[in-house]
Amino acid sequence: MFSLLGRTAVSCLKQRFQVQMLKRGFADQVAQGTEKLKLSFATPTFALRKDASVDMVVFPAATGMMGVLPQHVPTVAQLKPGVVTVIEDGKEDKYFVSSGFAFVTKDRTDILAVEAVRLEDLDKEAVQRGLNECESAVNSASDEVSQAIAQIGVEVHSAMKSALES
Amino acid sequence: MAAMQRSFMNFVSKSRNIVGVNPRPPSWNMNRNRTVDQALLLATENNVCSGVDFQVRFASLKAVRSRMRSVASISKITKAMKMVAAAKLRGVQARQESSKPFTAGLKSFLKSTFGEIEGKETSGNHLVVAVTSDRGLCGGVNSNVVREIRKLLHEDKQNQYAILLCGDKGRDGLQRLYRNLFVVTIKDVFRAPVNFTQTCVVAEEIFKQKFDSVTIFYNHFKNAISQIVTRKVIPGLDIILKHAETFDSYEFESDMDSAQTLTDLYEFQFAVQLFDALLENATSEQAARMSAMDNATRNASEMYQKLTLTYNRQRQSVITGELIEIISGAEAL
């Protein structure tokens with residue numbers, strides 16, 4: 001008898017508590033839900049971040065470096081060769097991306113890069129060599145297509161070089 | 001090892017002496033064969049007793065034994081193919097799992113934009129992309145895709161269709177009825193592991209065609225036992241540009257004008273979706289091949305057991321026939 005009473009009392013309490021929580025929830029939703037940004041940062045072969053909760057992410061949009069905090073306006077950004085910085089708990093992780101797209105929506109941010117490497121894994125000499133090769137390819141290009149390809153190579157290599165220097 | 005072999009040979013020859021069985025009939029029997037056959041014919045016509053039959057049975061003994069040998073070698077081949085397919089499946093499945101965040105990242109964006117546009121227009125030129133394998137012996141994956149395409153083309157009479165084939169097996173299935181709809185066939189897509197660069201090449205081939213929408217038929221990999229044919233519809237670029245206001249809720253960060261940005265975005269999302277379809281189909285192909293070869297091995301070993309029983313029965317009746325001949329010959333003396 002007592003146990004039954006006790007159980008119903010507890011469930012009543014719980015419901016009232018839940019209703020109160022809900023009421024409070026509505027009012028504070030904007031402030032509470034903005035603590036962390038849900039981020040997915042992936043390439044076709046592996047994922048660097050998968051539904052991770054981060055504080056901020058900075059990526060190289062075509063119009064310049066763009067920083068995304070929680071509650072950012074929905075955006076579609078085309079990426080140009082540059083460095084993506086993921087900031088979580090004060091730690092910064094830097095990755096070089098070649099190109100891709102970033103989608104910022106209400107609930108999450110997805111950065112889809114065609115290629116991404118850790119900045120520490122880039123080799124300075126290889127970058128310089130690649131840059132020289134592409135520059136000479138631009139000068140000796142025979143048709144528009146190969147010139148465009150060489151131009152893209154120059155862009156990516158110079159971005160890598162400036163990323164390593166900064 | 002050699003001692004074992006020698007003792008085994010002794011045992012065999014001893015047993016031969018005891019039973020009096022010679023697997024090859026003695027040479028003088030060869031000359032009798034023609035007359036024996038005639039006698040057999042007469043015997044069967046007149047329902048005479050089958051004492052003459054055992055020479056015909058020698059031939060069928062050989063036939064059964066050669067059949068057993070071929071079935072055994074087939075089961076070895078299918079078993080090896082199953083192992084290879086299982087190993088390849090592990091590899092492709094791992095790649096597919098690690099590419100899931102990439103392909104899934106687009107989904108929510110696409111649902112809110114392309115998904116809205118997709119329902120709006122259904123008429124016009126449609127391009128059907130048939131994703132199949134190049135090699136066979138992979139169960140039902142290719143025939144399922146071909147069947148779905150045939151169903152679609154048969155039911156929908158008012159739209160114009162063109163077919164783009166990714167893989168040879170689709171061509172084999174569709175060329176009888178729909179050869180005139182083929183535009184491009186792309187071979188050896190799945191020879192190397194599917195990667196994004198290769199997918200972009202395929203996507204560029206697709207963009208050379210004119211279409212209002214693309215339907216991709218491929219096999220979705222549910223698990224190692226179940227692969228389901230899925231259909232992915234992507235509206236064409238012109239339709240997207242026509243309904244560009246659907247993208248108004250998003251700010252675009254790009255250094256090009258809005259039409260070019262949309263084109264770039266369209267090509268990128270198309271490549272990502274195609275990459276997803278190709279990877280899933282590659283995984284489904286390996287899984288289906290593994291289960292088909294497993295079934296084939298099981299059937300072959302079942303057949304081998306049945307053939308063994310038949311062979312033993314035949315062998316024993318040959319022995320019995322010879323015994324009867326010897327005994328009746330001895331009694332006649």
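**Exercise 1. Describe how helix 7 of chain B crosses helix 9 of chain B.**

Step 1: The crossing of helix 7 over helix 9 in chain B is right-handed, that is, the near helix is turned clockwise from the far one by less than a right angle. Helices here are DSSP runs (H or I, at least four residues), numbered from the N terminus.

A word on the model: it is predicted, with local features needing pLDDT of at least 70 and side-chain atom pairs pLDDT 80 or more, while totals for chains, interfaces and linings use all residues. Residues count from 1 along each chain as written, chains are lettered from A, and side-chain values use heavy atoms, without hydrogens and water.

Step 2: Residues 196–207 (helix 7) and 258–332 (helix 9) pack at about 115 degrees, axes 9 Å apart. Axes are lines fitted to C-alpha atoms over the stretch in contact, and angles run from 0 to 180 degrees between N-to-C directions.

**Exercise 2. Find out how many disulfides the structure has, and explain the case of Cys200(B).**

Step 1: The search over all chains gives 0 disulfides, where a disulfide is a pair of cysteine sulfur atoms within 2.5 Å.

Key
Helix = DSSP H or I, 4+ residues; strand = E, 2+ residues; numbered from the N terminus.
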